[in-house]
Every structure is written in structure tokens, then in C-alpha cells.
Amino acid sequence: MSSFSRLLRLFGDTRSISKGIALHAKIIISGIPGDIHTNNHLLSMYVKFDRIVDARKVFDEMPERNVISWTALISGYSQIGMAEKSLDCYSLMINDGLEPNYYTFVSAVSACASLGDGRAGKVVHGRIYRSGVDFSTPVCNSLINMYGKCGLLKSAQLVFDAMLEPNLISWTSLLSCYSQQGENLKGLKIFVHSRRVGVRTNEFACASALSACAGLEDLKVAMQIHCLVVKCALEFDKFVETGLIIVYTKCGDLNLAGQVFSELNQSNLAAWTSLIGGYAQQGNRGEAICLFLRLHSSGIRANERTFSSLLGAFADVEVIKVGKQLHALIIKMGYNSFISVGNAVLDFYSKCGLLQESLRTFEDMDEHDVVSWNSLISGHAGSGQYEAAIELLKYMFFQGYKPNLYTYSSILSICSDIPATEWGKQTHCCIIKPAFDSNVVVGSALINMYAKCGILNAARKVFDYLTSKNLVSWNSMLAGYAQHGFVSEALEIYSMMQRCDIKPNDVTFIGVLSACAHAGLLKEGLHYYNSMIRDHGIAPRLEHIASIVNLLACKGETRRAYEFISSFPMEPSKVVWRCLLLGCKTHKDLVLGRLATEKILSIDPEDTSAHIMLSNIYAEAKMWDETAQLRKIMKEKAMKKDTGCSWSELKNKVYSFSASHSTKIEGTNLTEILNQLTLHLFNAGHFPDDLFCFHSEK
């Protein structure tokens with residue numbers, strides 16, 4: 001039988017399937033009972049052929065099995081992606097009383113990594129420790145990879161730190177872990193440290209480092225790594241090529257990305273897809289579509305990743321028609337069965353606010369994953385359909401899906417928009433258990449939630465706890481302080497950003513200018529506005545213009561505010577004119593107030609609040625004829641101010657109430673309480689300003 005074993009090993013190594021099957025048939029015909037050694041080689045041969053069904057049949061018919069038999073089957077299942085089957089076999093092996101060896105543990109840990117099951121991974125890790133198996137470099141590397149894919153970065157770091165001599169794979173695995181979990185700054189530090197201790201660089205390390213640079217949008221470091229790539233002759237590796245294109249597009253330098261693409265000897269599909277995705281992410285949808293058409297005409301067939309990347313360019317109501325045409329092409333080419341493409345289509349409809357289409361897409365998908373649910377939930381939440389989002393969230397949990405980082409981000413977004421403080425706190429507790437609170441994405445969502453709920457101390461604690469902060473983290477903290485009138489704290493956050501060399505964006509300056517507007521800091525506001533344009537090269541948005549107009553108008557400089565508006569080529573929005581109108585109302589500028597109202601009504605003729613504010617200005621100026629005429633117009637158009645709505649959270653339930661509805665909370669009528677409070681105010685000598693309630697409506 002030894003000759004059979006040698007031949008089985010030979011055919012397995014050379015992947016000679018037909019010869020291997022013929023030899024198996026000869027063994028059966030010979031009638032010679034196979035020993036465990038021969039059966040193990042037969043089992044391993046089928047595993048190498050990726051014929052796992054045949055391998056399992058051989059295994060089930062073996063009269064005797066040892067640790068090698070079990071390990072071959074566990075490894076086979078793990079290698080072809082059947083991780084659950086692999087772990088089932090691992091459990092059966094333990095139950096049979098066999099002690100796993102070094103190879104068994106590596107395969108079991110790899111299966112846990114594929115499933116992202118950190119709990120099962122820790123159980124296997126504990127078994128390794130108790131079994132006395134040597135924590136060799138390959139075992140430690142598999143543990144680092146597993147913990148990284150499960151998001152347990154502290155555990156991955158502990159395993160790495162315990163290694164006596166980490167090799168290139170160890171360093172690359174740890175770097176990849178941090179990069180994949182969004183801890184990009186830490187990942188780059190590991191890459192730099194590996195260079196300092198003399199670890200050579202390979203294509204996987206460079207690709208991970210470039211991914212970290214893309215996450216940080218650090219063009220300078222990316223270009224340095226590009227130089228290292230050329231020096232090490234790694235520029236023709238497809239992973240590195242793709243990484244270079246991605247990092248340059250993420251940093252907004254599409255020229256460099258295009259240059260890398262044009263210098264490729266042979267453009268692979270991954271490079272095409274990365275550049276298309278880059279144009280889409282930078283909002284350059286025209287170039288993305290043109291590049292896709294070039295790809296389509298080049299004879300290279302687009303794959304599911306290409307369509308997923310391209311759909312990112314259509315997450316906008318302005319291009320719904322083109323997005324739907326792309327959806328039709330996806331169906332025609334048969335890619336709608338891919339879950340990643342289905343998720344991209346679902347995300348497109350959700351971001352465009354087409355919730356019925358997104359639900360229909362969801363229902364048409366053959367299978368779902370947590371990404372599908374996240375897109376559906378965030379789409380409903382983004383459209384203000386909070387109750388529907390919460391119901392979908394409940395159903396997701398009922399179906400047995402485990403929330404990931406982005407699920408928690410969606411939940412926290414709902415909590416911040418409602419707002420639901422207690423639910424947000426409970427979600428925070430759930431985040432702490434799997435150690436997600438150290439993740440920059442979830443951490444930023446927590447900061448935003450606490451800030452919008454007015455719990456700024458908690459927001460600051462989360463902010464300070466984050467070891468790695470991205471621009472969203474800084475902007476959320478700054479905006480939280482600005483929104484609640486903590487001007488000095490908001491401006492201190494901006495100063496910290498400058499000291500830490502964090503490059504601000506347009507959202508940063510919306511927060512800074514908002515803080516200045518809260519405190520009436522006109523001089524400082526103009527300084528920051530000019531710095532935004534001069535020092536950072538950021539083009540003003542309508543939000544920035546509105547903030548400056550608000551600052552000027554509130555200081556009584558309504559004429560200067562109007563001149564500021566007129567100096568811009570872009571068409572001002574209702575918000576800009578409303579800021580001017582508010583200043584005119586406060587400082588009794590009838591001429592510009594009337595002009596601002598006319599501008600608002602030219603944009604939205606049915607804007608009730610503009611009519612009311614102009615009516616108040618007329619009333620203040622005792623222009624009763626104009627006031628009566630305006631009231632007549634409103635009556636003829638049946639214009640009525642939208643009912644104001646308030647809400648309060650009590651015992652994990654949100655209660656909504658308004659002036660036109662009688663609301664009871666635990667048997668207590670809120671209207672009666674408000675009437676009593678109003679009476680107390682009158683008795684204390686406090687009376688409302690008639691000017692502000694002249695046209696109030698229930």
C-alpha cells in the first residue's frame with residue numbers, strides 16, 4: 001500500500017485529477033483493505049482537488065481515523081470557504097477525544113477568521129494555550145489575522161507583542177488588521193516601525209500601507225510609499241497598482257491616479273474598477289461613466305465589483321434615470337444575483353430616497369447580509385422614516401443578523417435625530433461589549449449622538465478616548481459645541497485641529513462660522529471665512545454664505561450683508577435670504593426686509609413663514625394697510641403655518657405632542673399643565689411680545 005500512498009501524494013500535488021480518480025478505482029477493485037495511512041493520502045488528494053464531497057465520503061467510510069484525517073477535512077472545508085462546516089468538524093474531533101495538532105489549530109482559527117466569529121476564535125485560542133502546543137509563528141500569525149478580521153485589535157496586538165521573533169507575515173497581518181478596521185494612523189505607525197527594525201517590505205505590506213493613507217487622505221505619505229514601491233520593484237503588482245490608484249483618488253488627485261493607470265503595461269480589471277470608483281467617489285460622475293464605456297468597448301468584461309463601484313456615482317436624485325439604466329444593464333448581464341451588486345443597487349435607491357424601489361430590490365435579492373439591512377435601515381433613517389427604520393432594525397435582529405460597526409452607526413444616527421438619549425446610552429453599552437467603541441467610525445457616531453442630544457460632557461469623553469480620530473470625529477465635536485452655544489470650546493477644538501495638523505474641510509468651517517454666529521463674533525467670523533478661502537483653498541458653500549450674512553445682519557449691518565450676497569455668482573438659497581430677513585426684522589430695515597421676502601417667495605411662493613415675518617415687519621412699522629393686504633393674500637391662498645411639534649423621551653419611549661393635539665403621558669394631560677404654567681407666567685408679570693405671535697397658527 002506504500003506505493004499507492006506515494007502515487008496518491010504525487011497526483012494530489014500535481015493536481016492530476018483523472019489519474020487520481022483512476023488510482024482510487026484500482027484500490028477499490030483490488031479488494032485490498034486500505035490502511036489509515038493510505039486513506040489519509042486519499043482524503044488529502046481529494047482536498048487538494050477541491051472535491052470536498054468526495055473527500056467527505058472517503059472520510060465517512062474510513063474504519064479508523066486519526067488527527068491527520070480530521071485535520072485534512074477541517075483544512076479542506078476552511079480552504080474552500082465552508083468555514084461553518086470546518087468548525088463543526090473541529091468540534092466533532094474534540095468530542096471524539098482527539099487532541100488537535102498545530103495544523104488543526106491553524107485551520108480552525110482561519111475558519112473563525114472567515115466567519116468573523118471572535119468568540120469561537122477565543123475558544124480555539126484557549127484550547128491552544130491549554131494543549132501545550134507551541135505558539136509558533138504560523139499559529140500566532142493566524143491568530144493575529146483572526147482577531148483583526150473580528151475587529152478585536154487589542155487581542156491581535158497582544159498576540160503580536162507576545163511573539164519573540166515576528167516575521168514579515170506577522171507585521172503585514174497586524175498592519176492589515178488596523179487598516180481594515182479604520183485605524184489607519186496606527187497602521188502606518190506599524191509600517192514605519194517594521195521598516196526601522198529591518199523587516200523587508202512586500203507587496204501586501206505596501207498595499208495595506210497605501211490603504212491606510214487612503215483612509216487618512218494623506219497624499220504626502222502616499223507619495224513616499226509610492227517611491228518605496230518603485231525602489232523595491234513592486235509597482236507592477238496588481239494589488240499595489242490598485243492601491244496607488246485608490247489612494248490618489250481618495251486624496252482628490254485624479255491626475256496622479258490617471259497617470260498611474262496610463263503607465264500600466266496591461267490594465268487589469270481591478271485597476272479599471274478602482275479608477276472608476278475613484279471618479280465616482282470624487283463626484284466626477286461624467287468621467288466615471290466615460291471610463292466605464294471605454295472599459296465596455298475594450299473587450300474586458302466588467303465584473304460585480306465594477307458595477308458596485310460605478311453605482312456610487314449615482315447616489316444622487318439628479319441622475320436617477322442613469323442609475324436605473326445601469327440597474328437594467330446589471331440585470332441584462334446577470335450580475336443582479338451577486339449580493340454585493342444587489343447591495344449597491346439597494347444603496348443607490350436608498351440614498352436617492354426611493355424607498356419603495358429599495359424595498360423591492362431588497363425583496364428581489366436571493367440572499368441578504370448585514371450590509372443589505374444596513375443600507376435599507378440607513379435609507380429610511382436618512383429620509384426621516386424613523387419608525388420604519390426601527391421596525392426594520394427589529395426585524396433584522398429577529399432574523400438572527402448580528403449588528404456590525406455600520407449598524408451601530410445607523411442606530412446612533414437615529415438616536416441623534418429623534419433624539420433618544422436613553423436608547424443612545426443603551427446602544428453605547430452594546431458597543432462597549434465587543435470593544436467597538438475604540439473604532440473611529442462608531443466613535444464618531446457616538447460623539448455626534450451625544451452632541452446632538454446635548455450631553456456634551458459624554459461626547460467629549462468619547463472624543464478624548466478615541467486613540468485615532470478622523471475628520472468626522474473632529475467636526476462632530478466642533479459642531480456639537482457650536483450648536484449648543486459653547487463658542488470658546490468650539491474654537492478651541494479648531495485650534496487643536498491646527499496644532500495636530502488636521503486639514504479642515506468645508507464642514508469644519510460651517511461649524512466654526514456657526515459658533516461665531518452664536519456669539520456674534522463678526523470680526524472673528526470674517527477672519528475664519530477669509531482663512532478658509534485663502535489658506536485652505538476651500539470654495540464657499542451656501543451654508544458659509546448664510547453664516548456670514550447672519551453675522552452681518554444680526555449686527556445691524558443689513559446693507560453690507562446684502563452686498564455680500566450680491567457679490568457671489570451662485571444663486572442664493574432661501575436660507576441665505578431668510579438670514580437677511582431675520583436681521584431686517586430685528587433692526588427694522590423695511591426696504592431690505594421686503595426685498596428678502598420677495599426673493600424667498602420667488603424661490604418658494606408657498607413659504608408661509610416668509611409671509612408671516614414680512615407681516616410682522618409691516619406691523620412693527622405700523623403699515624396696517626400692507627399688513628391687511630398680506631393677511632388677505634394668505635387667506636386667499638389658504639396658507640397656514642406648519643404645526644410645531646415637540647417630543648420627549650420617557651422610559652425608553654418617545655412621546656410627540658403639538659399645540660393642535662392633546663397629549664397624555666401616563667394619564668397626565670400636557671395641555672392642562674402648559675395652561676397652568678402660562679397662568680403662572682402672567683401672574684408673575686411676564687407677557688408675550690405681540691410682534692412674535694401676530695400670525696401664529698395652531
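**A helix pair and the cysteines**

In this predicted model, the crossing of helices α22 and α23 is left-handed. On the α22 side, the contact is made by Leu355, Ser358, Leu359 and Phe362, while α23 contributes Ser372, Trp373, Leu376, Gly379 and His380.

The geometry of the pair can be stated more fully. Helix α22 spans residues 355–364 and helix α23 spans residues 370–382, and the two pack with their axes 11 Å apart, at an angle of about 165°. Because angles over 145 degrees count as roughly antiparallel, α22 and α23 are described as roughly antiparallel to each other.

We turn now to the cysteines. A disulfide is a covalent bond between the sulfur atoms of two cysteines. When the whole structure is searched for such pairs, zero disulfides are found. Cys150 is accordingly in no disulfide, and the nearest cysteine sulfur to it, which belongs to Cys112, lies 7.3 Å away, whereas the criterion for a disulfide requires a pair of cysteine sulfur atoms within 2.5 Å. Cys150 counts as buried, because its relative accessibility is 13% and the limit for that class is under 20%.

Cys213 is likewise in no disulfide, its nearest cysteine sulfur being that of Cys251, at 7.4 Å. With a relative accessibility of 0%, Cys213 therefore also counts as buried.

Technical notes. Residues are numbered from 1 along each chain as its sequence is written. This is a predicted model: local features need pLDDT of at least 70, side-chain atom pairs count only at pLDDT 80 or more; totals for chains, interfaces and linings use all residues. Side-chain values use heavy atoms; hydrogens and water are left out. Buried means under 20% relative accessible area, exposed over 50%, partly exposed in between (1.4 Å probe, protein chains only). Axes are lines fitted to C-alpha atoms, for helices over the stretch in contact, and angles run from 0 to 180 degrees between N-to-C directions. Helices (H or I, at least four residues) and strands (E, at least two) are DSSP runs, numbered from the N terminus. Angles under 35 degrees count as roughly parallel, over 145 as roughly antiparallel, 65 to 115 as roughly perpendicular and the rest as oblique. A crossing is left-handed if the near helix is turned anticlockwise from the far one by less than a right angle, and right-handed if clockwise. Contact means heavy atoms within 4.5 Å.
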